[in-house]
Amino acid sequence: MGIFSRRPTATLEPLPEAGPATPFPAAAAAGTALDPALRALTGEWTIDRPHSRVGFSVRHAMVTTVRGAFADYDSTLYFDGARPAASRAEIVIRVASVDTGVEQRDAHLIGKDFFDAQRHPEMVFRSTSTVHEGGESFRMAGDLTIRGVTRPVELQLDYLGSVLDPFGFERAGFDGTTTIDRTDWGLVYNQRLEAGGTMVSEKVRLQFDISAIRATPLS
């Protein structure tokens, strides 16, 4: 993804309460004129897993950050460069594929204290609306389901560029980020520290570092 990167990605907090997504202001919904290069991206895409990362980061013991990613997921992406509101995305993640680099920690994450993968094997994001904010920035609202609980979130989605790779695949790069409160989805496990604070932060930053390949040929 480094070949696409041009600037850092912003992070948004999720919507505060469950229910219908808050309408976007008219000015934001209108956006600005899309670059012709974006219009040319209209079509079906799929995430190239070997060159993408669907991950997260969370503060641990108040002083460090644990980072992890999910290796197994399916994706359906449609980008409409002429009408961004028609764009949509769905990602179905098998939570048992979580990898933080520590086997004992991964086993804890897929157990009953956190994801409870045996009863809830999948985490799902389905978009509900997309707004062009201007330039190469978009805001995608959607429903995130974890442990059978579905709540609305918003992703800051940045287009990073497109390229025809040496193998003839048309690729497009996107960065998506949001920060959620894990307790809203029933992930409430924690331990108190003697000096104050908790072992695991309730705030979790979700990160979608996407290299997408066009799934349908250009007409």
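## Aromatic pairs

Rings of Phe, Tyr and Trp, the last taken by its six-membered ring, are paired if their centres lie within 6.5 Å, and planes under 30 degrees apart count as stacked, over 60 as edge-to-face and the rest as tilted. In this predicted model, a search of the whole structure finds 6 aromatic pairs. One of the pairs joins Phe56 and Phe70, whose ring centres are 5.7 Å apart with the planes at 45°, so this pair is tilted. Because Phe56 belongs to strand β2 (residues 53-60) and Phe70 to strand β3 (residues 64-70), the pair ties together parts that are 14 residues apart in sequence. Both Phe56 and Phe70 are buried.

Phe114 and Tyr189 also form an aromatic pair, here edge-to-face, with 5.3 Å from centre to centre and 70° between the planes. This pair links distant parts of the chain, 75 residues apart: Phe114 is in the loop between α3 (103-109) and β7 (122-134), while Tyr189 is in the loop between β10 (170-181) and β11 (200-214). Phe114 has a relative accessible area of 6% and is therefore buried, whereas Tyr189, at 24% relative accessibility, counts as partly exposed. Elsewhere, Phe79, Phe138, Tyr159 and Phe174 form one aromatic cluster.

## Nonpolar core

The largest nonpolar core has 42 residues, of which Phe70, Phe115, Met123, Leu144, Ile146 and Ile180 touch the most other members. Strand β11 gives the most to this core, contributing 6 residues. Phe70, already described as the partner of Phe56 in the tilted pair, is also among the residues that Phe115 touches. Leaving aside residues up to four places away in sequence, the contacts of Phe115 are Phe70, Val95, Leu109, Ile110, His120, Met123, Ile146, Arg147 and Leu187.

## Confidence of the model

The protein averages a pLDDT of 83, and 79% of the residues score at least 70.

Definitions and conventions. Residues are numbered from 1 along each chain as its sequence is written. This is a predicted model: local features need pLDDT of at least 70, side-chain atom pairs count only at pLDDT 80 or more; totals for chains, interfaces and linings use all residues. Side-chain values use heavy atoms; hydrogens and water are left out. Helices (H or I, at least four residues) and strands (E, at least two) are DSSP runs, numbered from the N terminus. Buried means under 20% relative accessible area, exposed over 50%, partly exposed in between (1.4 Å probe, protein chains only). pLDDT is the predictor's confidence in each residue, from 0 to 100. A nonpolar core is a set of buried Ala, Val, Leu, Ile, Met, Phe, Trp, Tyr and Cys residues joined through side-chain atoms within 4.5 Å. Contact means heavy atoms within 4.5 Å.
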